[in-house]
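I opened this notebook to record what I looked up in one structure.

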Amino acid sequence: MRLTVIGTGYLGAVHAACMADIGHDVLGVDVDVEKITALAEGRPPFYEPGFDEVLTRALASGRLRFGTSLREAAVHGEVHFICVGTPQRAGSHAADLRYVDAVVDGLVPHLPASCLVVGKSTVPVGTTARLTARIAGLVPAGVRADVAWNPEFLREGFAVEDTLRPDRIVVGTVGRESDETLRRLYAPMLEAGVPYISTDPSTAELVKVAANSFLATKISFINAMAEVCDAAGADVVTLADALGHDTRIGRRFLNAGLGFGGGCLPKDIRAFTARAQELGVGPAVAFLAQVDEINERQRTRTVELARQLAGGDLTERRVTVLGATFKPNSDDVRDSPALAVAAALHREGADIRVHDPEGTENARRTHPELRCEADLLTACQGAELVLHLTEWGQYRELDPVKLALVVRKPVLVDARNALPHDEWRAAGWTVKALGRPA
Ligand code: UGA
């Protein structure tokens with residue numbers, strides 16, 4: 001099928017390449033010329049394991065092209081995917097839909113034939129209905145453009161795998177025709193047994209924000225338990241393991257620590273709360289404000305722990321921060337808990353060195369006040385305190401004996417509960433973590 005993917009950020013670029021990979025003829029479109037040039041040359045504009053291979057393969061197949069023209073997109077596509085960002089609106093928690101609207105306004109007047117417009121961006125419930133009305137006022141005479149919602153559930157770091165082998169495909173349509181088009185489009189995945197949930201647009205829009213709200217709640221739940229563990233002298237990791245054996249609960253997303261960040265979970269729970277208030281059901285999701293608050297508190301708790309370990313004053317103390325991205329296997333530093341903690345310590349006068357395997361370029365851009373070191377040992381040289389804030393695999397492989405020789409004081413805060421504490425303690429380190437007994 002001939003598809004366009006409009007918005008080639010994280011979500012769109014991966015979707016475009018994967019759709020070409022499964023046999024469709026895809027045109028990726030973005031207003032950012034630099035990004036489009038990079039993608040067209042097979043250079044991923046972000047770090048994502050496995051993406052460069054799919055991109056190279058898709059470009060070589062001749063089924064993937066990139067451009068900047070919505071007019072060209074209008075002519076190319078039988079199905080148009082909208083994958084642009086829906087950031088938090090300035091001065092409010094609600095989602096800003098101006099980029100989604102701009103795509104519709106730029107595309108629809110140029111449609112030469114009937115087609116399907118499919119939203120993938122995370123949007124407030126009711127958006128499909130609103131766009132349907134907007135399109136009706138723009139579409140050329142004799143042309144029909146139906147709207148469907150098909151939320152995306154990919155995780156950064158696993159984007160290619162999640163796109164090619166998703167846990168489920170959720171599609172919200174009005175009318176059988178749109179549903180049949182999307183079933184044909186995703187046929188290779190459906191044949192491989194991926195569950196396909198066909199519903200109305202409002203339910204589809206809600207599945208996405210409900211899923212992210214549930215994941216955020218699960219993380220904040222275990223972080224709340226970590227606070228109780230600290231007060232009671234109990235161990236949150238053993239608690240999570242024991243809870244996780246109950247298959248109704250499950251062990252995933254019960255990793256206590258510094259909490260969630262990134263471009264999705266924090267913004268999505270806030271936008272969902274704002275939308276629920278508009279719908280008059282604010283009290284139903286009022287708990288999400290607590291989820292957010294518990295999450296923010298883990299950052300404060302980590303800063304407090306660092307201050308305590310520095311004897312109450314961080315002024316001019318050499319602190320090494322391991323990790324800058326919001327999670328491992330990504331170069332994304334949006335709302336990164338690690339950088340939020342590093343910046344707070346810097347404000348208290350600490351002399352910070354940040355190390356991250358992939359995120360230092362972005363960290364330097366967003367936090368020019370922080371000193372980033374490309375080399376791990378250089379970053380740790382002379383440290384009085386080491387904070388492990390993003391659980392990259394290579395930090396797990398660190399040799400605590402060797403590292404103890406490089407630092408001034410072997411004191412570690414493992415704010416992700418991901419390092420082998422016994423080994424570090426045996427190597428002479430003082431190890432502290434959230435929700436674990438000392
Ligand atoms: C999240 C969802 O997991 C995806 O399903 C969704 O498609 C995506 O948002 C989106 O809306 O686009 P992502 O933001 O890539 O994906 O990252 P996650 O793997 O969900 O991690 C989010 C944050 O939670 C990270 O900061 C991570 O460190 C933290 N986390 C995760 C914990 O603190 N504890 C856990 O147990 C798990």
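This is a predicted model: local features need pLDDT of at least 70, side-chain atom pairs count only at pLDDT 80 or more; totals for chains, interfaces and linings use all residues.

The entries below concern a helix pair, the ligand shell and an annotated domain.

Entry 1: I asked at what angle helix H10 and helix H11 pack. H10 covers residues 201–232 and H11 covers residues 236–244. I found an angle of about 135° between them, with the axes 9 Å apart. Angles over 145 degrees would count as roughly antiparallel, and 65 to 115 as roughly perpendicular; H10 and H11 are therefore oblique to each other. I recorded their crossing as right-handed.

**Entry 2: residues between the helices.** I then looked up which residues meet. From H10 these are Ile222, Met225, Ala226 and Cys229, and from H11 they are Val236, Leu239 and Ala240. By class, the residues of this contact comprise seven nonpolar, no polar and no charged.

**Entry 3: the ligand shell.** Which residues come nearest to the ligand? Of the 21 residues around the ligand, I listed Glu156, Asn255, Phe260, Gly262 and Cys264 as the nearest.

Entry 4: I consulted the UniProt record, an unreviewed entry, which places "domain: UDP-glucose/GDP-mannose dehydrogenase C-terminal" at residues 320–421. Over residues 320–421 I noted 34% helix and 18% strand. The end C-alpha atoms of that stretch are 18 Å apart.

Methods:
Residues are numbered from 1 along each chain as its sequence is written. UniProt positions are given in the numbering used here, feature names are shortened, and annotations may be inferred rather than shown by experiment. Helices (H or I, at least four residues) and strands (E, at least two) are DSSP runs, numbered from the N terminus. Axes are lines fitted to C-alpha atoms, for helices over the stretch in contact, and angles run from 0 to 180 degrees between N-to-C directions. Angles under 35 degrees count as roughly parallel, over 145 as roughly antiparallel, 65 to 115 as roughly perpendicular and the rest as oblique. A crossing is left-handed if the near helix is turned anticlockwise from the far one by less than a right angle, and right-handed if clockwise. Two residues are in contact if their C-beta atoms, placed from the backbone, lie within 7 Å. Ala, Val, Leu, Ile, Met, Phe, Trp, Tyr, Cys and Pro count as nonpolar, Asp, Glu, Lys and Arg as charged, and the others, Gly among them, as polar. A residue is near a molecule or strand if its C-beta atom, placed from the backbone, lies within 6 Å of it.
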